[in-house]
Amino acid sequence: MEEEWGIFHACPERSIAAQERKYVSSRWFSKRSKMADRKHSKKAIRQSPSLCAGELDYINRRKHVVLQALCSKGINCSMDSVPHIALLASGGGQRAAVGLMGSLYQMEKDGLLDTLLYIAGVSGSTWSMASLYSDPQWSSNMDDAVSRLSSFEVELEQVLAWVGERSKEENFSLSDIWGVLTTAGIMKQMDVRHLSHEANRDVTNPYPIYCAVEKYCFSNGLFEGKWFELSPHEAGFTELGLFVDTSLLGCKFQGGELLEKKPEMDIVWLQGVLGSMLADEETLKESLNDLGHIDDDDAEKYLHAYKVFNNLISLIRSTLKDPTAMSDLDQLQKALKDKVDWKDTVQLNSKSPEERKSLFQQLNQELLAEVETWSQSLEDRDFKPHVSFIREQILPLICKWEWGTTNNFLYQYQDSSVPACLRAKEQFHLIDAGLLVNVAYPSFLGEKRDIDLIIAPEYSAGNMFETLTLARAYATKAMKPFPEIDDKILEDRDWPKDCYVFEGKDKEPTIIYMPLFNQQNCKDAEEFKAKMEEFTTLQRPYSQEKIVVLLETVKSNIRNNRETLLREINNAVIRQKNKRPEQDGL
């Protein structure tokens with residue numbers, strides 16, 4: 001594939017180690033990049049399987065931090081043999097957000113955090129990443145980062161002000177509502193900075209990668225167009241190798257040309273996109289089991305709306321201090337639950353498809369009427385003006401059912417490798433990457449980032465080891481190296497060990513897999529199941545007690561496996577040393 005030059009100077013199509021030999025200095029690259037910008041100002045899309053200049057520069061400078069950390073641990077290493085280590089945190093809602101905070105906290109206390117070149121997340125773990133990177137020095141200030149989980153800093157007025165501004169944009173969607181309420185209700189902050197602003201930071205922290213999937217490609221099996229990654233420097237499709245400057249994501253493109261710049265999407269919006277598990281209808285259907293078995297398309301649409309609305313109300317509740325206002329929302333949730341808690345399936349099954357459709361259209365109207373009745377019943381107090389937020393902003397978006405709407409930079413892009421559906425649409429829709437693989441493995445397989453060691457704390461709610469088997473299948477489809485996973489480990493899925501090491505050979509990365517709940521903190525499979533249910537993904541924001549329990553659990557997991565982590569980090573140094581003769585011959 002021939003490379004095209006865009007806003008970024010494209011690196012040669014080689015491994016990261018080979019790229020380093022072409023890298024003379026950040027000043028040289030900066031000069032060349034500016035020349036490329038002037039020469040190709042209209043070519044805003046970069047097409048290459050390699051790292052962009054900005055990320056490569058960061059990684060080269062970050063290696064000095066990693067080297068110092070390795071030497072402090074008595075590991076024999078030089079700049080030529082600094083290993084490429086990535087911590088890939090799984091998704092899992094607030095469980096993952098709190099879990100990642102605790103894992104990184106303990107790694108910092110054990111002197112292991114600075115051995116990381118990268119941190120990547122999907123779904124809930126990206127919420128804590130976004131919170132962490134609001135502090136340019138977070139990796140040396142983990143006490144403050146963890147304390148924010150228990151603070152109460154965001155009030156509903158701030159939420160409404162942000163929504164008021166965002167609703168003026170043409171691509172306003174449910175992801176905006178989900179993002180602002182997740183940010184305020186779970187992460188306790190409103191971070192309106194832009195991801196691209198991190199591009200010029202120093203290398204105190206590991207380099208962040210956030211992941212999503214494109215909704216249509218995900219739902220329709222179009223492999224190359226599924227996985228989407230975002231960094232401070234660029235955003236784009238991993239397997240297609242097509243990227244734009246992160247500040248240009250959301251701008252209008254046609255045929256590869258930048259037509260109209262738009263304001264860059266902020267971190268609040270980003271969190272709504274990255275954690276939007278409910279955007280996928282099939283996944284949402286699975287979460288409706290507590291409402292009884294439903295096998296009807298119209299019923300599912302009705303219950304989808306209820307489920308999302310109910311979760312949004314719970315997040316709104318977490319931004320309130322007034323007990324009376326919280327009680328009002330509790331009454332609304334109960335009234336809505338009564339509306340959907342019907343059990344007359346015999347009567348339903350006796351109706352024709354047209355009658356069922358008419359019934360659920362009527363139920364939808366009753367649901368809306370219930371909200372209207374509730375809002376009118378409120379006394380004239382401070383909370384009442386905020387009710388319009390629920391009635392006028394949330395309900396219409398739920399009816400529209402649109403998530404992650406983003407202007408498509410590949411619209412009418414002339415390249416046969418791009419799926420036709422991506423080329424044909426002016427917009428695409430970015431949603432939760434955990435719907436495909438609940439760990440960011442796709443962004444870290446192969447030569448692009450040339451990873452030696454992956455540390456994978458597992459906070460997922462699904463079948464244990466599923467992220468590994470899905471990643472293995474993805475690697476096979478993408479024809480990228482992945483370590484051997486013995487399926488015998490699946491026998492442990494109901495009560496896993498606290499740490500597994502899957503050793504990579506040749507170009508395969510080694511993976512350290514660390515389940516959240518395990519044989520060290522659960523006495524048997526029954527307790528393991530109970531813990532998973534206690535910290536389930538879709539529930540109200542955790543109490544302070546739950547946050548503390550979860551933090552202590554993940555800290556213990558890191559402490560208990562410190563020696564394993566050090567051993568595999570040392571092995572990663574050896575792997576990198578062994579690569580040098582091969583790379584020097586390229």
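Analyst: Ser-123 is buried, because its relative accessible area is 8% and buried means under 20%. The model is predicted, and everything below describes that model. Ser-123 sits in the loop that runs between β3 (118–121) and α5. Its phi is near 50 degrees, which is a positive value in a residue other than glycine.

Spelled out, the buried residues of α5 are Gly-124, Ser-125, Thr-126, Trp-127, Ser-128, Met-129, Ala-130, Ser-131 and Leu-132.

Phe-465 is placed in the loop between β12 (453–458) and α18 (466–478). Phe-465 is not a glycine, yet its phi is positive, at about 75 degrees. With a relative accessible area of 1%, Phe-465 is buried.

Pro-419 is another loop residue, found between β10 (405–407) and α17 (420–424). Is Pro-419 buried or exposed? Pro-419 is buried, since its relative accessible area is 12% and the cut-off for buried is under 20%. Not counting residues up to four places away in sequence, Pro-419 touches Leu-222, Gly-225 and Leu-240. Pro-419 also lies 9.1 Å from Phe-223, C-alpha to C-alpha, although 196 residues separate the two in sequence.

Next come two residues inside helices. Arg-62 belongs to helix α3 (residues 53–72). Arg-62 is buried, and its relative accessible area is 0%. Which residues is Arg-62 in contact with, leaving aside its neighbours within four places in sequence? One run of partners is Leu-113, Asp-114, Leu-116 and Leu-117, and the list continues with Val-203, Thr-204, Asn-205 and Pro-206.

Tyr-105 lies in helix α4 (residues 93–109). Tyr-105 is buried as well, with a relative accessible area of 15%. The C-alpha atoms of Tyr-105 and Met-142 are 5.6 Å apart, while the two residues are 37 apart along the chain. Met-142 is also among the contacts of Tyr-105, together with Asp-143, Val-146 and Lys-555, once neighbours within four places in sequence are left aside.

The axes of α8 (residues 174–185) and α16 (residues 387–400) come within 9 Å and cross at roughly 130 degrees. That angle makes α8 oblique to α16. On the α8 side, the residues in this contact are Leu-174, Ile-177 and Leu-181; on the α16 side they are Phe-389, Ile-394, Leu-397 and Ile-398. Seven of the residues in the contact are nonpolar, with no polar and no charged ones.

Helix α8 has a further meeting, with α10 (residues 267–274), where the axes come within 7 Å and cross at roughly 105 degrees. That angle makes α8 roughly perpendicular to α10. From α8 the contact takes in Ser-175, Asp-176, Trp-178, Gly-179, Val-180 and Thr-183, and from α10 Val-268, Trp-269, Gln-271, Gly-272 and Val-273. The residues of this contact divide into five nonpolar, five polar and one charged.

These parts belong to a protein with 21 helices and 14 strands. Of its 586 residues, 59% count as buried. Among contacts between residues at least 6 apart in sequence, 75% join residues at least 24 apart. The accessible surface comes to about 23,900 Å², and carbon and sulfur atoms hold 47% of that.

The mean pLDDT of the protein is 84, and 82% of the residues reach 70 or more. Over residues 1–42, pLDDT stays under 50, and the model has 92 contacts beyond four places in sequence for that stretch. Residues 288–294 also stay under 50, and the model has 14 such contacts for them, again beyond four places in sequence.

Definitions and conventions: Residues are numbered from 1 along each chain as its sequence is written. This is a predicted model: local features need pLDDT of at least 70, side-chain atom pairs count only at pLDDT 80 or more; totals for chains, interfaces and linings use all residues. Side-chain values use heavy atoms; hydrogens and water are left out. Axes are lines fitted to C-alpha atoms, for helices over the stretch in contact, and angles run from 0 to 180 degrees between N-to-C directions. Helices (H or I, at least four residues) and strands (E, at least two) are DSSP runs, numbered from the N terminus. Angles under 35 degrees count as roughly parallel, over 145 as roughly antiparallel, 65 to 115 as roughly perpendicular and the rest as oblique. Contact means heavy atoms within 4.5 Å. Ala, Val, Leu, Ile, Met, Phe, Trp, Tyr, Cys and Pro count as nonpolar, Asp, Glu, Lys and Arg as charged, and the others, Gly among them, as polar. Buried means under 20% relative accessible area, exposed over 50%, partly exposed in between (1.4 Å probe, protein chains only). Accessible areas come from the Shrake-Rupley method with a 1.4 Å probe; for residues, only the protein chains shown count as cover. pLDDT is the predictor's confidence in each residue, from 0 to 100.
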